[in-house]
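Work through the exercises below with the coordinates open. Each task is followed by a stepwise solution.

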Amino acid sequence: MTELLKTGNGCNPSTAKCRNRRDDRRLRPLERIARLTFGFVVLGVLGTAWPLQPSPSGFGTHEQLGLPPCAMVRWFGLRCPTCGMTTAWSHCVRGQWRQALRASVSGTMLAVAAAVVGLAAVVSGLTGISGPKISMAAFNQTLLTVLGVIVGEWVIRMVFRLW
């Protein structure tokens, strides 16, 4: 008899576990506020690059924010793994992709990721749709990949003196 009560989505309406799958993806009000806040913060960080003039040297743009010059450049004459990221972000917000990649490949990737993640979070917060679930393993793998790209780019720049 319970077979007759099953709905098209494979659940039994007489149990508490039967809910519309579309409702499973809806965010609660607090979750929506959190997504909106996160999205606007990420986009705000990206927007901070807009008034900055990209440094012609490919790094050092961060100094316009009142931050000190890179200690590694000052002490050893070598770029650090994050040198050029602010410059890359500053080029990205202007659509200057070639200059952004020249300043920092990993910085360009992070700027694009920030734009995508920030916009997705704002859209999710506005619509209340959660989007795809990401496992902790996938998150960790992504984080390690990003760190690998940053360090890999730095090693390539040091070996081939591309700075």
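The model is predicted.

**Exercise 1.** Compare the span of α8 with the expected value at 1.5 Å a residue.

Solution. 
- Step 1: α8 (136-159) has 24 residues.
- Step 2: From first C-alpha to last, α8 reaches 34 Å.
- Step 3: The expected span is 34 Å, and the value for α8 is close to that.

**Exercise 2.** Find the buried residues of α8 and the helices they pack against.

Solution. 
- Step 1: Under 20% relative accessible area counts as buried.
- Step 2: In α8, Ile150, Glu153, Arg157 and Met158 are buried.
- Step 3: The partners of these buried residues are α5 (85-92), α6 (97-103) and α7.

**Exercise 3.** Describe the largest cavity by volume and lining.

Solution. 
- Step 1: One cavity of 30 Å³ or more is present, and the largest cavity has a volume of about 40 Å³.
- Step 2: The lining includes Ile150, Glu153, Trp154 and Arg157, and α8 gives the most to it, with four residues.
- Step 3: Sorted by class, this lining has five nonpolar, two polar and three charged residues.

**Exercise 4.** Describe the largest pocket by volume and lining.

Solution. 
- Step 1: The volume of the largest pocket is about 990 Å³.
- Step 2: Of its 27 lining residues, Phe38, Ala113, Val117, Ile134 and Phe139 lie nearest the centre.
- Step 3: α3 (29-47), α7 (105-127) and α8 each supply at least two lining residues; α7 gives the most, with nine.
- Step 4: By class the pocket lining has 18 nonpolar, seven polar and two charged residues.

Note on methods: Residues are numbered from 1 along each chain as its sequence is written. This is a predicted model: local features need pLDDT of at least 70, side-chain atom pairs count only at pLDDT 80 or more; totals for chains, interfaces and linings use all residues. Side-chain values use heavy atoms; hydrogens and water are left out. On a 1 Å grid over the protein atoms alone, a cavity is a set of points where a 1.4 Å probe fits but cannot get out, and a pocket is an open set with protein on both sides within 12 Å along at least five of seven lines; lining residues have an atom within 4 Å of a point. Grid points are joined across faces, edges and corners, and a volume is the space filled by probe spheres set on the points. Ala, Val, Leu, Ile, Met, Phe, Trp, Tyr, Cys and Pro count as nonpolar, Asp, Glu, Lys and Arg as charged, and the others, Gly among them, as polar. The expected span of a helix is 1.5 Å times one less than its number of residues. Buried means under 20% relative accessible area, exposed over 50%, partly exposed in between (1.4 Å probe, protein chains only). Contact means heavy atoms within 4.5 Å.
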